[in-house]
Amino acid sequence: MATENAMLQVNHLKKYFKTAKGQLHAVDDISFSLEHGKTLGVVGESGCGKSTLGRTILNLLPATSGEIIFEGAHVENADKKEMRRLRGEMQMIFQDPFSSLDPRLSVSEIIMEPLEIYHVCASKQERQKRVEELMDTVGLARRLANSYPYELDGGRRQRIGVARALALNPKFIVCDEPVSALDVSIQAQILNLMQDLQEQNGLAYMFITHDLSVVKHISDDIMVMYLGKMVEKCQAKELFRNHLHPYTKALLSAIPVPEIGAAKNRELLQGELSSPINPKPGCRFANRCTCACEQCFKEEPVLQEVLPGHFVACHRVEDMKKEKES
């Protein structure tokens, strides 16, 4: 899935954690590329490894193996000096807009902190002016500059997180469920803000969420994860129109229909979750899949391009294609 114009290239990335019972495979052999100005949505249920993937790409967690190449630089092997440079170009918006902010710092101090660390401005006056510009950009009233996070609502706190991430003019931002803790009306404001900033600054996003209705709105491509593995990846429109993996089908069927009395066929998942600790051979979704065959329990499916730009890891994918066509 390599692309010539890729800003970010991830090759066979793995992140395992040692536990008392063995190796926990949080991220297991993930590969993808991301171009300038594009958004990759990463979806899956809680515990599938989405956040771990984002943190590993930014080297907040060291990779077990694999390559992370950002504009020609190998992030996984970067020394302290190189990583400091890359930190200015790769930022993160955290899921919780309260715990990710220092409660001892005011709004202006939180946004100013990266400017001070990286010596971006020559004087305190210039830094203050830059803070005011960032507050205007994300829609924070300047009168809130001396407020503290606990005095603000979730939407304003998340805007602080966005402003802090933008302070150093990054090229790539990992957005770890940035709207999941917000009201629907505030979600729309933050999503529209992020899209406007992307158009203005050419930002690339990796947008992590479990909400498919949100990811449809903002993503160019969508990657579906299940227990550390990529099971499907394609363009956003293609995924909603022609999804081929049984797990993706179950996720899409869970999206609420905003119509009273509207009927919808639900794909209810049953069976036990496979353990991500020393996983057994075979497909990790097999225990919950209504389409599983004997091969699914013995042999792990390989991610393959079944249609142009559409990648699926499923032994029954050809049957799924025929079912869609009929």
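Analyst: His119 is exposed, because its relative accessible area is 65% and exposed means over 50%. Keep in mind as we go that this is a predicted model. You will find His119 in the loop between H3 and H4. The backbone here deserves a look too: His119 has a positive phi of about 50°, although His119 is not a glycine.

Helix H3 covers residues 107–117, and its buried residues are Val107, Ser108, Ile110, Ile111, Met112, Pro114 and Leu115. What lies over them? Part of the cover on the buried residues of H3 comes from helix H4 (124–138), and helix H5 (154–166) is included as well. So His119 is exposed, with a relative accessible area of 65%, while H3 has buried residues such as Ile110 and Leu115.

Glu71 sits in the loop between E4 and E5. With a relative accessible area of 35%, Glu71 is partly exposed.

Four strands make up an open sheet in the order E2-E1-E4-E5, with antiparallel pairing. Strand E2 (22–35) and strand E5 (73–74) are at the edges with a single partner strand each, so one side of each has no neighbour in the sheet. In general, strands of a sheet pair through backbone hydrogen bonds, either parallel or antiparallel. Here, strand E1 (residues 6–19) and strand E4 (residues 65–70) pair in the antiparallel sense over 5 bridges. To see a bridge for yourself, find Asn11 and then its bridge partner in E4, Glu67. Helix H1 (residues 50–57) packs on this sheet, where H1 touches E1, E2 and E4. The direction of H1 makes about 115° with that of E1.

Gly271 lies in the loop between helix H9 (246–253) and strand E11 (304–307). Gly271 is exposed, with a relative accessible area of 53%. Which residues does Gly271 contact, leaving aside its neighbours within four places in sequence? They are Asn287 and Arg288.

Conventions:
Residues numbered from 1 in each chain as written. Predicted model: local features only at pLDDT ≥ 70, side-chain atom pairs only at ≥ 80, totals over all residues. Heavy atoms only, no water. Buried < 20%, exposed > 50% of the residue type's maximum accessible area, 1.4 Å probe, protein only. Helix = DSSP H or I, 4+ residues; strand = E, 2+ residues; numbered from the N terminus. Contact = heavy atoms within 4.5 Å. Pairing = 2+ DSSP bridges. Axes fitted to C-alpha atoms, helices over the stretch in contact; angles between N-to-C directions.
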